[in-house]
Amino acid sequence: MLPLLRSVPRALSSAVAGLRATAPLPPLRQLLQPVPRSCTRPFGLLSVRAGSVRRPGLLRSREPCSCGCGALHTEGEFSFAEFLNDEIKEEKKIQKHKSLPKMSGGWELEVNGTEAKLVRKVGGEKVTVTFNINNSIPPPFDGEEEPSQGQKAEEQEPELMSTPNFVVEVIKNDGKKALVLDCHYPEDEVGKEDEDESDIFSIREVSFQSTGEPDWKDTNYTLNTDSLDWALYDHLMDFLADRGVDNTFADELVELSTALEHQEYITFLEDLKSFVKSQ
């Protein structure tokens, strides 16, 4: 009996080794890839009221009404439309800019839905900055303080800021190639006031693209700045600053993007109310 018991651990060890051999672990590079983070927007008054107690019967399915239109007229839809109407009024109250703020430095603004384009000509060069407001509001930080007693939750909500990624495209006089710089706002730099005036935006990637092609080619070499020499990176930042893309521009871009995002959000709520009430 004793020899048999001694052979059990060796048998189990062999079985485990066999399982490891048949199911190899994923590569280390795959394990180190960052998990995509969904962008959650604290919807102001909407997030406060979202936890309210639902009245009975709102989720029960209803038959089409007897008016002959064939549409649904439920208590939930009426309540939803009333709520959206109140939400639109509250959002318009706190809206800072009724019209989009202008950028200093002679930038011309073109807006197409959620995408905006800023164009400027400097010394015969054409500089274009493009950004999209979708998913541009970062999620709230985990260390935010909870509302204190006697103070409304709406009064302690942090101000929402839209910090979109933006692409700078510089075209020289010949117009054959465009230097493209992909930029973003690091989360630890947004809203940070330092005496040394550090850059509030960063360059993530740099590449050349042909101006004659409608779409960018992935086969063109792309320089990632994560492993870039700091001297070269500083020269690239100075290159942008000489063309008007500096901290002042980045601050104004946040203000413009935030105003555009809030404007589109109110429009979305209005469209949603019309959709809910449509027959």
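Student: In this model, is K93 buried or exposed, and what is the relative accessible area of K93?

Tutor: The model is a predicted one, and every value comes from its coordinates. K93 is exposed in it, with a relative accessible area of 64%, a value that lies above the 50% cut-off for that class.

Student: Which residue forms a salt bridge with K93, and how far apart are the closest N and O atoms?

Tutor: The general idea is that side chains of opposite charge can pair when their charged atoms come close. Here the partner of K93 is E90, with 3.8 Å between the closest N and O atoms, which falls within the 4 Å limit used for a salt bridge. Because K93 and E90 are 3 residues apart in helix α4 (residues 75-93), about one helical turn separates them. E90, at 30% relative accessibility, counts as partly exposed.

Student: What does the salt bridge between E270 and K92 link?

Tutor: The side chains of E270 and K92 meet at 3.1 Å, N to O, and this pair links distant parts of the chain, since E270 belongs to helix α7 (residues 247-277) and K92 to helix α4, 178 residues apart. E270 is partly exposed at 28% relative accessible area, and K92 is likewise partly exposed, at 39%.

Student: Where do E125 and K172 lie, and which parts does their pair tie together?

Tutor: E125 and K172 form a salt bridge with their closest N and O atoms 2.6 Å apart. E125 lies in strand β3 (residues 125-132), whereas K172 is in the loop between β4 (166-171) and β5 (177-184), so the pair ties together parts 47 residues apart in sequence. E125 counts as buried, at 9% relative accessibility, while K172 is partly exposed, with a relative accessible area of 44%. Both residues also belong to a network of salt bridges that includes R243. By the rule applied here, the chain has 4 salt bridges.

Student: Which residues gather in a patch of negative charge on the surface?

Tutor: A patch of this kind takes in residues that have over 30% relative accessible area and no salt bridge. In this structure, D199, D229, D234, D238 and D242 gather in such a patch of negative charge. One of them, D234, is found in helix α6 (residues 230-241) and is partly exposed, with a relative accessible area of 41%.

Student: How many helices and strands does the chain have, and what share of its residues is buried?

Tutor: The chain has 7 helices and 7 strands, and buried residues account for 27% of its 279 residues. Among contacts between residues at least 6 apart in sequence, 63% join residues at least 24 apart.

Terms used. Residues numbered from 1 in each chain as written. Predicted model: local features only at pLDDT ≥ 70, side-chain atom pairs only at ≥ 80, totals over all residues. Heavy atoms only, no water. Patch = residues over 30% accessible without salt bridge, like charges linked within 9 Å, V, L, I, M, F, W, Y side chains within 5 Å. Areas by Shrake-Rupley, 256 points an atom, 1.4 Å probe, with all protein chains shown as cover. Lys, Arg positive; Asp, Glu negative; His and termini not counted. Charge placed at Lys NZ, Arg CZ, Asp CG, Glu CD. Helix = DSSP H or I, 4+ residues; strand = E, 2+ residues; numbered from the N terminus. Buried < 20%, exposed > 50% of the residue type's maximum accessible area, 1.4 Å probe, protein only. Contact = heavy atoms within 4.5 Å.
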